[in-house]
Amino acid sequence: MKFEWKGVMPAVTTKFNEDDTLDLKMFRTNIEAQVEAGVHGIVLGGSLGEASTLTADEKKVLIKETIQIVDGKIPVIMTIAEQATKVALQAVNDAEDSGADGLMILPPMRYKSTDNETVQYFKEIASSTELPIMIYNNPVDYKIEVTVSMFKELLELKNITAVKESTRDIINIGRLRNEFGADLSILTGVDPLALESLFMGADGWVAGLVCAFPAETVAIYELAKAGYAKEATEIYRWFLPLLELDISPQLVQNIKLAEVATGIGTEIVRKPRLPLQGEERDRVLKVIQDGLKSRPQLPDYKNLTVLNKQLA
């Protein structure tokens, strides 16, 4: 599938049954809700998807299941997050064979590679496939930053065309855009900086709380890109306490609790993670419940012609 790196691309959670098998029924429920809301792609097997706990076979199942659910409407992106280049290359091959439309690639896991090692890692992976690639740049969590000078080398490979920008430095969007123009698509990866990033020129949003609130997330994106800053900001301000649940070591548990509240997920996580407990669970539930109580009525973000008339 040919596609553009833009729009809202949920980094979806992985659903599990009580016996620790994949819960494909609830997974389908959630993906169908994403598609109905108008998301522009699905990202599988990221941090939020508990990638480090998934087997290679489970990742293949998730890709094939998602492809079947979305039925060609939107691209399916697989995350490559591995410790060794050899293993990453096999994961790329598995994703390609399973029908993935593109890849999101993280730097080497656990080992803090040098700039040169990081660039060579990405280049070797990209050279092994023709699938379009988005580099995940998240030095806050993974301690490795992909700098502008590193991207200059990486963009020599024609299939590296996007970045998930999660440095939390809003200025970096301007740096990348000024340096690379339209040659590098920029998707924000930090939920509580999403609207600011879109206003700074980001092409899209690899989102987390979209897993529980797909319509609100897509509405913010569509309104912002159509020039409805006031309307987008009003929804975003309501959303912000919920979006901050994404920037936590327990983001998986937080967002799965939110999915339960909106009826499109379960709380089950895979060990060593455990469901939230005690005061922290109460705090997160209050954020979710407060958000649901004041949940805004959305404008017809899928039909901006109607919105134009409403605001005229």
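Predicted model: local features only at pLDDT ≥ 70, side-chain atom pairs only at ≥ 80, totals over all residues.

Trainee: Which residues of α3 meet α2, and how many charged residues does the contact have?

Mentor: On the α2 side the contact is made by A56, K60, I63, K64 and I67, and these meet D94, A95 and S98 in α3. Sorted by class, that contact has 4 nonpolar residues and 1 polar residue, and its charged residues number 3.

Trainee: Which class describes the packing of α11 and α12, oblique or roughly parallel?

Mentor: Helix α11 spans residues 251-261 and helix α12 spans residues 278-293, with axes 10 Å apart and an angle of about 45 degrees. Because angles under 35 degrees count as roughly parallel and 65 to 115 as roughly perpendicular, the value of about 45 degrees makes α11 oblique to α12.

Trainee: How many residues of the contact of α11 with α12 are nonpolar?

Mentor: From α11 the contact takes N254, L257, A258 and A261, while α12 brings R281, V284, L285, I288 and L292. The contact includes 1 polar and 1 charged residue, and its nonpolar residues number 7.

Trainee: Which residues of α9 meet α1?

Mentor: Helix α1 (residues 24-37) and helix α9 (residues 214-225) have axes that come within 9 Å and cross at roughly 30 degrees, and α1 and α9 are therefore roughly parallel to each other. Their crossing is right-handed, and the contact has 5 nonpolar, 1 polar and no charged residues. A33, Q34 and A37 of α1 meet, on the side of α9, P214, A215 and V218.

Trainee: Which peptide bond is cis, and where does its proline lie?

Mentor: Most peptide bonds are trans. In this model, the bond from K271 to P272 is cis, with omega near 20 degrees. As for its place in the chain, P272 lies in the loop between α11 and α12.

Trainee: What is the phi of R110?

Mentor: Most residues other than glycine have a negative phi. R110 lies in the loop between β4 (102-105) and α4 (115-127), and the phi of this residue is positive, at a value near 75 degrees.

Trainee: What is the volume of the largest pocket, and which residues are the closest to its centre?

Mentor: The largest pocket has a volume of about 920 Å³. Of the 40 residues that line this pocket, the closest to its centre are S47, L106, M109, D141 and Y142.

Trainee: How many nonpolar residues does the lining of the largest pocket have?

Mentor: At least two residues of that lining come from α5 (139-142), and at least two from β8 (204-207). By class, the lining has 9 polar and 12 charged residues, and its nonpolar residues number 19.

Trainee: What is the volume of the largest cavity?

Mentor: The structure holds 1 cavity of 30 Å³ or more. Residues that line the largest cavity include E165, R168, D169, I170 and V190, and by class its lining has 4 nonpolar, 4 polar and 3 charged residues. The volume of the largest cavity is about 50 Å³.

How values were computed: Residues numbered from 1 in each chain as written. Heavy atoms only, no water. 1 Å grid on protein atoms, 1.4 Å probe; cavity = no way out; pocket = protein on both sides within 12 Å on 5 of 7 lines; lining within 4 Å. Points joined across faces, edges and corners; volume = space filled by probe spheres on them. Helix = DSSP H or I, 4+ residues; strand = E, 2+ residues; numbered from the N terminus. Nonpolar A, V, L, I, M, F, W, Y, C, P; charged D, E, K, R; others polar. Axes fitted to C-alpha atoms, helices over the stretch in contact; angles between N-to-C directions. Parallel < 35°, antiparallel > 145°, perpendicular 65-115°, else oblique. Contact = heavy atoms within 4.5 Å. Left-handed = near helix turned anticlockwise from the far one by under 90°.
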